[in-house]
Every structure is written in structure tokens, then in C-alpha cells.
Amino acid sequence: MTEVRPRAALSAALWERDDEVAAITRAVDILCADRSSPGSLLVLRGEAGLGKTALLAETRRIAEERGCTVWSARGGETLRTVPFNVVRQLLQPALVSMLPEEVREYLGDWYDIAGPALGVADPGDRHADPQGVCEGLVAAVRRLARRDWPLVLLVDDAHWADQETLYWLAEFAERLADLSVLVVVARRPGEISGAGARHLDAVAAAADRPVTTLSALTPAATAGLTRATLGDDADAAFCREVWAVTGGNPYETVELLAKVRDSELEPVEAHAGELRDLNRSARGGGLVARLEQLGIDATRFAWAAAILGSDITVDLVARLATLGHDDAVRCAELLRTARILTPPDPATGRTGPADLEFVHPLIATAVYNSIPDALRRAMHGIAARIVTDSGRGAAAAARHLLEVHPDDDEELVWQLREAAREHLAVGAPDAARRCLERALEEPPRPEVHAQVLYELGCATFLTAPARTIGHLRTALGMPGLDGDRRVDAVVRLSQALLHNDQLEEAVRTVEAEATRLEPGPAQMRLRTVQFMWEGIHAGEAASPGRSERLAELAATCTGRDNSERALLMVRGFDAMMRGENAEEIVEICDRALVNGRLAPGLGWTDSEWGVELLLMVADAYAYTDRLDRAESLYNEALHAYDTAGWGGGHLALAHAYVGLGHRRRGRLTEAEASLRESLRLAERVGRGLPLYWTATCNLVDTLLARGHVDEAWEVAERHGFAPPYPSTIVLPDPRSVRGRLLLAVGRTKEGINELEAAEKAAAARGHHNPVHVFWAADLARALATEDPARAARLALDVRRNAERFGTDTALGEALRLAAALETGRRAVGLAAQAVTHLESSPCQYEHAAARVEYGILARSVPDLERGLALARSCGADGLVRRARAELESASEPR
């Protein structure tokens with residue numbers, strides 16, 4: 001049974017919190033038991049005043065008694081627009097104690113990525129990737145946790161945390177299994193919606209136990225607390241009225257009892273009627289009236305403190321409230337005596353310049369809301385100027401700038417644009433969006449309006465492509481975007497349309513703009529982008545004769561600038577997909593590089609062209625048997641994104657194509673590992689996107705090559721690898737992979753139908769590369785018994801296409817198919833030719849399969865043994881089982 005009177009050492013706000021304190025104690029004990037203890041997460045939820053902050057303070061006391069390092073942070077209602085505010089509070093104390101060179105060494109590769117978000121490093125010139133920054137913050141805590149074990153992190157008022165912190169907290173909560181850290185999060189129910197609410201839900205889902213929902217005090221506990229505060233002579237009727245007036249809210253109870261004590265009211269039934277008036281004076285309108293009684297100077301001081309919200313110093317408040325120093329000191333003392341402001345509690349462990357903080361967030365909210373609207377906006381404007389004059393930059397002043405009344409202020413527009421640039425540089429695109437949307441309200445001058453819309457479109461590109469489309473279309477319809485900036489806006493608009501699955505509109509957009517321009521680098525860039533989007537469209541070509549026009553234009557290019565190099569990359573990819581001569585394809589791709597490397601301005605993190613273009617040239621190498629060059633480019637992408645901290649979609653694609661390189665090479669175990677990591681990252685970005693299809697398709701194909709058919713089917717079912725297919729090209733061809741999967745699981749008729757659908761799609765696009773679109777070979781094998789004549793025709797087409805393409809892999813695979821459809825000496829001869837070609841190919845899995853098949857047909861134990869060794873090195877477990885079975889059969893006495 002819960003005690004009515006808690007131990008004297010406990011805070012009054014901890015009455016009837018024995019179960020919660022016990023759970024916290026257990027979590028701290030588990031953390032301290034061993035360095036290898038898994039991390040844990042507790043979530044406390046309750047309305048304002050129910051004791052969440054008191055439980056966090058008790059957590060700190062328990063943890064510090066056991067020798068833990070404790071860091072804490074708190075969200076603020078007026079600070080939700082400040083990106084990384086809460087995570088900075090949490091982690092900065094650990095970093096500011098180090099010398100700058102120590103911080104750089106400690107964060108290592110993550111310094112330039114996470115350092116700016118934490119405020120310990122200057123931001124770079126480029127937009128930081130939010131996912132990469134989040135990963136860097138997780139890595140920072142991981143390293144600090146090893147140094148400062150046992151580590152406890154406390155987050156109060158998480159419902160008021162900034163969205164960037166909530167994103168990090170949700171990601172971090174999922175990684176706690178291998179981190180010896182205790183995290184305790186306190187929040188109110190409701191109070192937040194949208195992405196922030198989803199992040200908090202994810203945090204709750206990751207908790208070790210159900211969310212603890214705090215309840216109000218019982219009448220018995222309220223009576224006990226009343227008598228502990230006012231004396232044992234407080235009578236029952238008075239105690240019941242205390243409970244009735246406060247609803248058992250611990251904060252309101254404590255505040256009411258403090259006022260009873262200050263007013264020297266005798267705690268007896270005769271005075272119970274006065275409790276309601278006393279309680280009203282502690283909150284809402286009563287608090288405002290009480291504040292006004294302290295005088296205009298004290299009121300202005302409290303208003304200024306509420307505007308600042310955090311790091312409240314007497315000097316800063318004096319500047320904002322236009323008070324002299326002595327008057328400000330006097331006002332601070334009045335507000336402390338009135339229990340409106342208080343010195344910061346050193347027990348929280350939060351560092352900063354603050355002299356004061358509000359006694360409770362409820363008071364801060366009431367004071368802030370009491371400021372007349374026009375005056376509040378004006379005070380935010382003054383606060384913004386104070387912050388800017390202090391040299392802290394436009395981003396630090398942004399939360400005040402957002403609240404200023406629109407007034408056609410050219411300087412304010414400039415400040416908001418500058419703040420947006422700073423936010424983007426630290427990986428906070430949502431904060432940048434808010435600044436630019438506010439700049440549009442000012443509004444900007446006509447000559448810069450389109451520029452602001454363009455910048456807004458760039459800011460929303462990664463998070464809201466549909467919104468980006470609207471901004472950029474509007475910007476392009478206004479004066480003010482000219483030259484390279486206009487071309488860049490058109491390209492970005494087309495990219496947003498692509499990501500919004502409006503590929504045909506993307507093609508029309510760049511085509512229309514290219515038609516307006518005179519021949520030159522700008523027009524060449526747009527033509528190249530048009531060809532690129534048409535080239536990755538999975539449907540019919542957007543315009544007749546596209547490949548022919550592309551070939552003619554590329555024939556005039558020497559690769560003298562990036563526009564020409566980009567066009568050559570698109571031409572090389574198109575030729576590869578069409579199955580043209582591989583040697584010529586390689587020569588085209590080589591012209592697109594400079595000394596075998598990507599040219600400056602065409603790197604993986606350069607924004608002018610986009611990742612699709614670079615993947616085109618790498619894929620062209622991958623399917624023309626130049627795997628060394630393809631793998632070099634794929635690994636360069638992975639390294640570039642890791643170094644730059646670009647997580648999310650970019651990193652997912654990089655892992656997928658590294659996996660594709662492993663798969664083509666025949667390193668199936670490594671391919672599977674890379675593709676699973678790609679799929680993990682892709683799921684966080686969102687299902688249904690082209691990168692998600694790329695990861696899933698390649699993983700299914702790799703599992704089939706390994707002989708893990710059931711697992712391939714499970715992956716396909718779980719990740720929706722089935723029609724309808726995406727509108728963009730996926731390598732390898734998803735219909736061919738899906739057909740192969742259906743055949744492997746015994747659904748032959750469905751498999752044949754899928755492969756025939758792949759045939760029609762490939763014919764519509766003119767895709768005749770038998771290595772990338774391999775439907776014909778699998779369909780021929782499936783029809784070998786039912787329709788041998790059609791199977792033979794298909795095999796002949798595969799061989800013709802392979803001879804046209806000319807790679808050893810294509811020729812070897814065509815000969816493997818021909819051997820599978822023949823018998824006797826003819827089959828043995830064809831299988832021997834297949835081995836000869838595939839032995840020269842870099843694709844070791846196909847070589848292993850050809851060796852085993854030849855060994856079976858020729859009854860050659862040495863070839864079976866070599867095929868077995870190759871299959872083992874590839875990780876092709878199904879092929880290993882087949883080779884072993886044949887060797888065992890060959891060794892049996894006849």
C-alpha cells in the first residue's frame with residue numbers, strides 16, 4: 001500500500017510516486033552493474049504539475065549517489081523553433097570542458113558533421129544532410145557513453161523539444177540495445193502533432209516498459225502533504241478543500257500551500273473558502289493580476305524574461321526591458337520573492353549564463369501569453385537585434401525574427417534568408433523552411449521574391465518534394481531568376497517532380513526550358529537532364545527517336561566540360577541498356593571522365609547534376625565487365641557520403657550499388673550484407689521510392705543466386721517486391737528478378753507470365769542487354785519442355801544480343817542457356833565454350849555455375865571440384881549443394 005507520508009528526504013512532489021521511483025532505481029542499478037549492460041529507456045507522461053520534473057530530479061539524485069554521469073536538458077514552449085536546442089543542452093557540457101583540438105579528436109570523422117549541430121564547430125559551405133547529422137549525434141553519444149560510463153540522460157518537457165532533437169531522440173532510442181546508457185524522458189500528453197508527435201511515439205515504442213502515466217494525488221496524500229507543510233493541526237475539512245481546489249495536482253498543491261503559509265492562514269474549515277481565491281492567484285489571470293501588483297517595472301522584467309525563454313540574465317533582461325541595472329536587480333528580487341522567477345537549480349546539471357529561470361513552465365506560459373500582441377512582437381524584434389549585435393548570427397536570432405510583425409522590411413528578409421542558410425548548413429531544413437516562409441510574409445521586394453521562393457524550394461527538396469514543386473514553379477513564373485540560377489531552378493524542379501513520381505512532367509519541364517535557350521552550356525545541361533530522365537523512365541520512351549538524337553549529340557562531344565561529360569554519361573548508359581557494343585560503350589564512358597576519375601563539379605556530393613547521372617556511368621561499367629571501374633565509383637560514393645555525413649537516401653543508394661558490384665563480381669555474402677544495410681536505410685527514408693526498389697530487387701536476386709529461395713521469397717513478401725513496379729529504371733530488371741523468383745518457388749505459370757511482361761516492357765524501351773534484362777534466358781528454360789521451339793528461338797535471340805554486346809559474361813551466359821536446351825555432345829561442346837568465356841569474365845558466380853554444369857554434362861570430376869571451390873568462395877550455397885551431390889554420385893561404385 002502506498003505511504004501517505006513519504007520519507008523526509010523526498011520532495012513534496014514525490015508523494016505517491018513510490019512505484020515510479022522503484023522503477024527508476026532498478027534501471028539505474030542495472031546500468032551500473034556492468035559496462036556491457038544494455039541501454040534502457042523510461043518514459044514518464046503526465047499533465048502539467050504532476051511531478052515529472054521532480055521524478056527526473058530524483059533520478060539524478062539516485063544516479064549520482066551511484067557514481068553515474070548525468071546530463072539533462074529541457075524543452076521550452078517558446079524555443080521549439082530553435083534547431084538542436086535540446087540536444088545541445090544535453091551534450092554541450094561534455095564537450096565544452098574539452099579543448100577544441102580534443103573535441104575534434106574525440107568526434108573524429110563526425111566532427112565536421114555533428115559538430116556544427118552541437119555548436120562546437122563552424123558549419124561548412126554546403127547543405128548538411130539531416131540523416132547524416134542525426135547519425136553523427138548518435139555516434140557522439142556512443143563515444144561519450146564509453147568515456148563517461150555509467151551515463152544517464154534526462155530530457156524534460158520533451159513535448160516542447162525542437163523537431164531536430166526529437167528526430168535524433170527517436171533514432172537514438174532504437175540503438176540503445178548496444179549502448180550502456182539510461183535515458184529518461186518526461187512529456188505531457190498531446191501538446192504536439194505532425195512529425196514531432198511521430199518521433200515521440202517512436203521513442204515511447206522503444207521504451208523498456210510501458211509508458212508511466214502519472215496520476216493526481218489522492219485525497220489522503222493531499223491531506224498528508226498539507227499537514228507536512230502546515231502542521232498536524234490542519235483539519236480534515238481544510239485538507240479536503242485543498243484537494244478539491246487543486247484537483248490533486250502536486251505543483252498546484254505545493255504552490256497553494258506556500259501561499260497559505262505566506263498569508264498565515266489558519267488551516268481550519270472556517271478558512272477553507274479562501275483557498276480558491278489563493279489558488280487563482282497562482283495561475284492564469286490571477287498570476288497576471290499578481291504580477292501587475294508588483295509594478296510596471298517588474299512586469300516589464302517578467303515579460304522580457306518570457307521573451308528570452310532561456311539563458312535569462314539580469315543584464316540581458318535589462319537591455320530588452322530598457323531598465324537600468326539597479327532597477328533590474330530590484331525587479332529580479334521582487335519576482336523571486338513572488339515565486340515567479342528563481343535562480344537555476346544547480347542540481348539539474350545544465351550549464352549556461354542564466355541568472356534566473358521561471359519557477360515552473362506553467363508560469364512562463366502565463367506570463368508570455370499576457371504580453372499584449374503588438375508589444376510581444378516588438379519585443380521579439382528588439383531581442384533579435386540584441387542577439388545579432390552580440391555576434392551570435394542570424395540563426396540564433398531567427399526564433400525572434402519569426403515573431404516580428406510583417407512590415408515590408410528589406411533587412412528582415414535578408415536576415416531570415418541568412419538564418420535559413422545557416423540552418424541548412426547544420427542540417428535543419430525545417431528550420432530553414434520556417435525562416436523563408438516568414439520572409440515571404442514580409443513580403444520581399446519584387447526583385448528578390450523569386451530568389452526567396454527558389455531558396456525555399458531548395459530547403460524543402462529533401463523533406464517535401466510536392467511543396468518544392470509549387471515553390472519553384474511560382475519562382476520560375478516571376479522575374480528575378482536569370483542565368484545559371486534559373487537553369488538550376490528548372491533542374492531542381494525536374495528532380496522534385498521525379499521524386500514525386502511525375503517523371504513525364506519532369507521531362508516536359510526541362511524540354512520546354514531548353515527550347516527557350518540558345519545553344520551553349522546551359523542548353524546542353526538541360527538537354528542532358530531531359531535525356532537522363534527519359535533514360536531512367538521505366539515506361540515507353542518519352543519522345544520517339546530519343547536514343548538516335550542522343551547518339552548524334554554525344555558524337556559531337558569530346559568531354560571538354562561538365563555539360564559534355566554529363567551527356568556522354570547518359571549516352572553510355574543508354575547504349576548499355578540497349579545492348580550496343582560494349583567496347584564502344586566503355587570508350588564513351590571513358591571520355592566522360594578525367595584521367596579515369598570524376599571531374600571536379602561532378603562528384604558524388606556536388607549538387608549541380610545529382611546522383612542519378614553518376615550511377616549511370618558506374619552502371620554502364622558494371623554491365624560491360626569493367627567491374628574494377630564500377631566498383632571504384634561505387635566505393636567512392638559510399639566513402640563520399642560517409643565522410644560528408646549524407647545519410648538517408650544517398651547512403652542507402654551507395655550501399656545498394658556497392659552490393660550490386662559485389663553481386664556482379666560474385667561475392668554473394670558481401671553483396672547480401674551491403675544490400676541488407678541499404679534496405680535498412682531505405683526503409684527509414686520511405687517505402688515505394690526507387691532506392692527502396694533497388695535495395696529490395698538486388699537483395700532478392702542475390703539470395704536467389706545464393707540458393708536461399710525461401711528467404712528470397714520472405715524478403716519479397718515483406719517488402720512488397722511485386723507489381724506495380726516503379727516508374728524509374730531499376731537495375732537489374734525487377735520483372736526479370738520477380739519472374740526468376742516465382743519459378744524458383746514453383747509458381748511456374750505466374751513466373752512465365754511475369755517474364756513475358758518483362759519481354760514486352762524491354763521491347764517498348766529497346767532494352768536488349770541480355771545481362772541486365774535476363775528475362776529471355778529464364779523464360780527459355782521454363783518453356784524448354786512445354787514449348788521447345790519457342791525456347792530455341794529465345795535462346796537464339798539471347799545469343800545474337802550477346803554477340804552484339806560482346807562481353808565474356810554475356811557470351812558465356814548465352815552459351816550456358818544454349819547448352820541447357822541441347823543434349824549429348826552438342827550440349828557438352830556448348831558448355832565448354834561457356835566455361836571458356838566465363839573464365840575470362842569478372843563474374844565469378846556465373847563462372848562457378850558454368851563449371852558445375854559442364855562437370856555434370858562431361859562427367860568431369862576435376863571441373864565439378866573446381867566449380868565447388870568457386871561456389872564456396874562466392875557464398876553460393878545452392879550451387880555448393882548441387883556440386884557436392886554430383887561429386888557424391890560420381891564417387892559411388894557403378
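View 1. What you're looking at is a predicted model.

**View 2. Five strands line up in an open sheet.** Read across the sheet and the order goes E2-E3-E4-E1-E5, with parallel pairing. Which strands sit at the edges? They're strand E2 (69–74) and strand E5 (212–213), and each of them pairs on one side only. As a bit of background, strands of a sheet pair through backbone hydrogen bonds, either parallel or antiparallel.

**View 3. Here we zoom in on strands E3 and E4, with a helix lying across them.** Strand E3 covers residues 151–156 and strand E4 covers residues 181–187; the two run parallel and are joined by five bridges. If you want a landmark, find Leu154, which stands opposite Val184 in E4. Now look for helix H7 (residues 163–174): H7 lies across strand E1 (40–45) as well as E3 and E4, and runs at about 140 degrees to E4.

**View 4. Helices H34 and H35 cross with their axes within 8 Å.** H34 takes in residues 690–706, H35 takes in residues 709–718, and they cross at roughly 165 degrees. Angles over 145 degrees count as roughly antiparallel, so that's what we call H34 and H35. Which residues make the contact? From H34 come Thr696, Leu699, Val700, Leu703 and Leu704, while H35 brings Val709, Glu711, Ala712, Val715 and Ala716. Sort the residues of this contact by type and you get eight nonpolar, one polar and one charged. As for handedness, H34 passes H35 in a left-handed crossing.

**View 5. Two prolines follow cis peptide bonds.** One is Pro150, joined to Trp149 by a cis bond with omega about -5 degrees. You'll find Pro150 in the loop between helix H6 (130–147) and E3. The other cis bond runs from Leu731 to Pro732, with omega near -10 degrees. Pro732 is in the loop between H35 and helix H36 (734–744).

**View 6. Glu16 and Arg859 have positive phi values.** Neither residue is a glycine. For Glu16, phi is near 60 degrees, and the residue lies in the segment before helix H1 (18–33). Where does Arg859 turn up? Look in the loop between helix H42 (844–858) and helix H43 (861–874); phi of Arg859 is near 50 degrees.

How values were computed: Residues are numbered from 1 along each chain as its sequence is written. This is a predicted model: local features need pLDDT of at least 70, side-chain atom pairs count only at pLDDT 80 or more; totals for chains, interfaces and linings use all residues. Side-chain values use heavy atoms; hydrogens and water are left out. Two strands pair if DSSP finds at least two bridges between them. Helices (H or I, at least four residues) and strands (E, at least two) are DSSP runs, numbered from the N terminus. Contact means heavy atoms within 4.5 Å. Axes are lines fitted to C-alpha atoms, for helices over the stretch in contact, and angles run from 0 to 180 degrees between N-to-C directions. Angles under 35 degrees count as roughly parallel, over 145 as roughly antiparallel, 65 to 115 as roughly perpendicular and the rest as oblique. A crossing is left-handed if the near helix is turned anticlockwise from the far one by less than a right angle, and right-handed if clockwise. Ala, Val, Leu, Ile, Met, Phe, Trp, Tyr, Cys and Pro count as nonpolar, Asp, Glu, Lys and Arg as charged, and the others, Gly among them, as polar.
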